[in-house]
Amino acid sequence: MRLVSFGPRGNERPGVLVNDSVLPLSRVMADIGIAPTGTIRNVLPFLDQLSEGIAAALERGDEVIPLTQTRLGPPITDPPNLFDCGANYLSHLAELGAKAAPKLPVMFQKPRSALAGPTDPIVRPLEVEQLDYEAELTIVIGKAGRRIPAEHAEEHIAGYMITNDVSSRDLGEGESTKFNAAALFQLMRAKGWDTFQPTGPWLVTLDEVGSYEDIRIQTWVNDELRQDVYAKEMIHNPYQIIEWLSATTTLQPGDIITTGTPAGVVAGMKPPQWLKAGDAIRIEMTGLGQMHTPVLDEQDTRVGAVNGSDG
């Protein structure tokens, strides 16, 4: 299944992709005993029943909405937690000048307000000059658990989706390679702005993904290929990340966990070509679809601001 959230920002409804259309899930959810006002997060523990309900809905001819007639939001609009993993590809560490790989996953959290849909614009804040992209394979938890051993972690995964972990490199993130508490807080600030976590276009359930190792991660900026790697090159794989996180906290259905980015980001370029208004980013991952996100500048609405500067 390819699960989606569709409709106006902040008022998305749960659906499933059927060819090039969206089948709304509210009636299906009601049929299997889930509140029809719920979100994709609410259906994750019931995927087997949901699959049967979708088949029944298609057989009875429930109405579908063409993709061209609706907006897709982030597949998981209301995650209990939004965990990000950093420093998880040797190639990325090398391009940033780090000399050693971390022995354990490097994790931080983002606010939910950073989430955006797969075609929503990334808005460069007034304070940011060094704007960067980071394509990341992303786990969505489907079954709750704590102290989950790596060999059983797959049982807790609902599926995978694409994330762009957008970053402002000029807001203290240069300290992040030290991996201390102050640096990790700066990471949250550098990466936690509104619109800095586009996800989608859909959540692909585990039964359709196959091995995560075979997923090819590619990023284009204005049609120039920048990132191209297979997920098997991660330092800490998704199962190890789940084991490490769940030792501390009970993971919940709908939790989002990114797995780090490979080499090819702007910060590794000489000279860097920071993202600017008018740029277009395309991220594609094997079996997970594509995200197309434009970059816009934030409009200066501060009191006293004149023509984009303080007056």
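1. pLDDT is the predictor's confidence in each residue, on a scale from 0 to 100, and a contact means heavy atoms within 4.5 Å. This is a predicted model, in which local features need pLDDT of at least 70 and side-chain atom pairs count only at pLDDT 80 or more, while totals for chains, interfaces and linings use all residues. Residues are numbered from 1 along each chain as its sequence is written, and side-chain values use heavy atoms, with hydrogens and water left out.

2. The protein chain has an average pLDDT of 92, and 92% of the residues score at least 70. Over residues 173-179, however, the pLDDT is below 50, and this stretch has 12 contacts in the model beyond near neighbours in sequence. Residues 306-311 also stay under 50 in pLDDT, with 10 contacts beyond four places in sequence. Where pLDDT is low, the predicted coordinates should not be read in detail.

3. As for overall form, the protein chain has a radius of gyration of 19 Å (taken over C-alpha atoms), which agrees with the value near 19 Å for a compact globule of 311 residues, by the rule of 2.2 Å times the number of residues to the power 0.38. Along the principal axes, the C-alpha atoms fill a box of roughly 60 × 50 × 35 Å.

4. Seven helices and 20 strands make up the count for the protein chain, where helices (H or I, at least four residues) and strands (E, at least two) are DSSP runs. Among contacts between residues at least 6 apart in sequence, 77% join residues at least 24 apart.
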